[in-house]
Amino acid sequence: MNETNNSGADRLSRRMERGCAFLGSEVAIMAGAMSWVSERNLVAAMSNAGGFGVIACGAMTPALLDAEIAATKALTERPFGVNLITMHPQLDELIAVCARHEVGHVVLAGGLPPKGSLEAIKAGGAKVICFAPTLALAKKLIRSGVDALVIEGMEAGGHIGPVSTSVLAQEMLPEIADKVPVFVAGGIGRGEAIAGYLDMGAAGVQLGTRFVCATECVAHPNFKRAFIRASARDAVASVQIDPRLPVIPVRALKNAGGELFTAKQREVAQRLDESAVAMAEAQLEIEHYWAGALRRAVIDGDVEHGSVMAGQSVGMVTKEEPIADIIAQLMTEAADALRARAA
């Protein structure tokens with residue numbers, strides 16, 4: 001019996017080898033960067049448990065990121081990464097902060113990397129991880145020198161694209177998995193799914209929603225309760241009301257906050273009509289709105305009017321538990337799945 005168990009664990013270890021070597025972690029599971037949630041406590045706990053934590057910089061100033069990285073380093077000696085938003089007006093300074101702290105991995109999210117950003121990150125000694133929503137963009141990013149990619153499906157929480165994880169994985173892994181390590185994200189809640197994507201050629205996976213109810217997560221008890229109560233169909237995508245305002249949809253638990261966002265879009269669109277605001281400024285305002293709405297839910301516990309960003313895997317979050325237990329369960333499920341397939 002133990003022999004067959006070990007064979008599943010051995011298979012899992014072999015399939016995760018490339019991802020672990022790239023991240024410097026024991027298991028090839030990245031924690032998705034969630035604003036206000038992925039801060040020093042959760043990031044350090046994730047890395048200490050053998051996974052790979054990622055600080056969500058979001059709208060932080062360089063000084064705030066500097067303090068957050070220092071505080072995380074005080075809690076773990078293991079590797080962790082920093083997620084930077086490409087449209088941040090101080091991106092260059094944030095990259096410099098990461099370099100000063102010798103952060104090993106920088107994740108760029110929210111669009112194509114601006115000119116010079118990849119080179120600046122690499123000059124600071126860090127590996128660059130980017131999101132690739134399409135195969136064409138993935139190939140372009142690989143040519144431009146990124147070290148790894150995340151392909152994230154629309155089942156994920158927060159900002160999403162229009163294509164499901166399973167379709168992206170089928171389309172992209174056979175084409176790019178041999179070129180750079182690829183981490184699959186979006187809607188993953190159990191180890192069987194992890195095993196499936198590893199079998200398809202992924203180097204590892206990224207999960208966010210599954211870790212929100214970790215005991216080490218600082219999210220408000222109301223926020224965690226909302227996750228535990230929710231089912232997959234409660235996590236819905238926001239609606240874009242004006243085609244001129246290219247608002248990337250956001251997946252969150254449905255509440256009054258969704259209606260508030262619709263009203264916010266109308267207000268910004270009207271100011272565009274009146275030429276009272278420039279397009280780039282309008283987009284930034286929407287991003288700041290999300291950051292504020294998310295803070296209201298995560299930190300203040302206003303889960304009715306704030307934004308409770310969650311992926312469709314939220315139905316698999318059933319209790320609050322230590323992050324090490326979550327990872328252990330995922331790994332057991334993945335190993336058992338690989339063992340069963342080999343039988």
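**View 1. The second largest pocket of this predicted model.** Let us start with an open space: the second largest pocket holds about 270 Å³. Its lining is made up of 13 residues, and Ser35, Trp36, Ala56, Cys57 and Met60 are the ones that lie nearest the centre. By type, the lining of this pocket has eight nonpolar, three polar and two charged residues.

**View 2. The largest cavity.** The structure has one cavity of 30 Å³ or more, and the space in the largest cavity comes to about 40 Å³. Around this cavity you will find Ile95, Cys98, Ala99, Val106, Ile121, Gly124 and Ala126. Six residues of the lining are nonpolar, one is polar and none is charged.

**View 3. Helix α4 beside the largest cavity.** Here the focus is on helix α4, which spans residues 91-100. With three residues, helix α4 gives the most to the lining of the largest cavity.

**View 4. The chain around these spaces.** Stepping back, the chain contains 12 helices and 11 strands. Its C-alpha atoms fill a box of roughly 70 × 45 × 40 Å along the principal axes. Why does the radius of gyration of 19 Å agree with a compact globule? For 343 residues, such a globule would have a value near 20 Å, so the chain fits that expectation. Of the 343 residues, 51% count as buried. Among contacts with a separation of 6 or more, 65% come from residues 24 or more positions apart.

Technical notes. Residues are numbered from 1 along each chain as its sequence is written. This is a predicted model: local features need pLDDT of at least 70, side-chain atom pairs count only at pLDDT 80 or more; totals for chains, interfaces and linings use all residues. Side-chain values use heavy atoms; hydrogens and water are left out. On a 1 Å grid over the protein atoms alone, a cavity is a set of points where a 1.4 Å probe fits but cannot get out, and a pocket is an open set with protein on both sides within 12 Å along at least five of seven lines; lining residues have an atom within 4 Å of a point. Grid points are joined across faces, edges and corners, and a volume is the space filled by probe spheres set on the points. Ala, Val, Leu, Ile, Met, Phe, Trp, Tyr, Cys and Pro count as nonpolar, Asp, Glu, Lys and Arg as charged, and the others, Gly among them, as polar. Helices (H or I, at least four residues) and strands (E, at least two) are DSSP runs, numbered from the N terminus. The radius of gyration is taken over C-alpha atoms; the globule rule is 2.2 Å times the number of residues to the power 0.38. Buried means under 20% relative accessible area, exposed over 50%, partly exposed in between (1.4 Å probe, protein chains only). Contact means heavy atoms within 4.5 Å.
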